[in-house]
Amino acid sequence: MGQQHGSRKGLTHREVPRGVGLLLSLALMNAVLYLCLDWFFISPRPPEDPSRCPRGYFRMGRMKNCSRWLSCEELRTEVRQLRRVGEGAVKRVFLSEWNEHKVALSRLTRLEMKDDFLHGLQMLKSLQSQHVVTLVGYCEEDGTILTEYHPLGSLSNLEETLNLSKYQDVNTWQHRLQLAVEYVAIINYLHQSPLGVRVMCDSNDLPKTLSQYLLTSNFSIVANDLDALPLVDHASGVRVKCGHRELHGDFVAPEQLWPYGGDTPFRDDFMPSYDEKIDIWKIPDVSSFLLGHVEGSDMVRFHLFDIHKACKSQIPTERPTAQDVLDTYQKVLHSLRDSVMSQTKEML
Ligand SMILES: Nc1ncnc2c1ncn2[C@@H]1O[C@H](COP(=O)(O)OP(=O)(O)O)[C@@H](O)[C@H]1O
Ligand SMILES: [Mg+2]
């Protein structure tokens, strides 16, 4: 003891560097431990998927290697347009063929929508991930975008698709809840995107919202139409408005409605802006559509009741984050799967 409490003067020259060295190595260990914890638990974004192509390249179907995004010249000469498969406010979409691959060729329909078109293209380029449709090429000059084609089309067709007899085995609450998980995972990705917090503005009613997402052949969901993804920046007080017109109905969040009553005519410049919590408000309605009405759907709805109630809070800041909703959905999916498994085992 006495020795340990010895005065500083009592430390030998060799002990001083040893002590400093010990402190330094402790600090280093702490830093390493912190970085590891940060990587595993705190880091909001998962590490990049190494199987994905680098920016500027794509891979789809059975392609082994990544290929460079097609240029204007290649789009004009190598893509064969077959038939129209969809249309929205900005683009007309054609099933097309490139190099024996089915692709979707989107053509800008109205020149006055060029800014939205270019914004969407910019977002597609920067947000390539498992959550977003694969970009194959583009030509700004011609107003064309080429993406991977998904034969099952947009989420609006989900019910018709699942009612086909060949898809009966996927028309279960398990698969439908998995779709809801994927939908929330996309919203979460947009809210934590490499381009900051992005709000899915093209979603003023349920059919419109559903038409922005595609159902892939392996029954997963990708975001397709990114023409209206404005940025929210909480640190500098940047908020958004989805369009310049008055919105109605209860699909949109309450803060998106004109707050000054029917007697005061709507004026865009007096309309308050809002943030990404408008996407959270819409989750219960989209999920309910995805869950549909099969055996077990109502049981799932019951388990999601509390989180959905929180999503529908009138006060945006009281709504959960997309990450909170995603965590709850995943917990519910896993616990219901586990309990069904143990029930099945008991029956055997
Ligand atoms: N890659 C694709 N595969 C299959 N269908 C598609 C694809 N891209 C778009 N579509 C169809 O075209 C519709 C309109 O496309 P979208 O990009 O939303 O256009 P807009 O920007 O005009 O709303 C979609 O709702 C979908 O039905
Ligand atoms: Mg659209």
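**Ligand site and sheet**

Modeller: This is a predicted model. In it, 23 residues surround ligand 1, and the closest are G86, G88, V90, A104 and D225.

Biologist: Which strand gives the largest share of the shell around ligand 1?

Modeller: At least two residues of the shell come from each of β3, β4 (91-98), β5 and β7. The largest share is 3 residues, and the strand that supplies them is β3.

Biologist: Which domains each give the shell around ligand 1 at least three residues?

Modeller: By type, the shell residues are 8 nonpolar, 10 polar and 5 charged. At least three of the shell residues are drawn from each of domain 1 (57-148) and domain 2 (155-342).

Biologist: Which are the edge strands of the open sheet of 5 strands?

Modeller: The order in this sheet is β3-β4-β5-β7-β6, with antiparallel pairing. Pairing on one side only marks the edge strands, β3 (79-87) and β6 (135-139).

Biologist: At about what angle does helix α3 run to β6?

Modeller: Helix α3 covers residues 114-126. This helix lies across β5, β6 and β7, and its angle to β6 is about 145°.

Notes. Residues numbered from 1 in each chain as written. Chains lettered and ligands numbered in written order. Predicted model: local features only at pLDDT ≥ 70, side-chain atom pairs only at ≥ 80, totals over all residues. Pairing = 2+ DSSP bridges. Helix = DSSP H or I, 4+ residues; strand = E, 2+ residues; numbered from the N terminus. Contact = placed C-beta atoms within 7 Å. Axes fitted to C-alpha atoms, helices over the stretch in contact; angles between N-to-C directions. Near = placed C-beta within 6 Å. Nonpolar A, V, L, I, M, F, W, Y, C, P; charged D, E, K, R; others polar. Domains from an automatic or database assignment.
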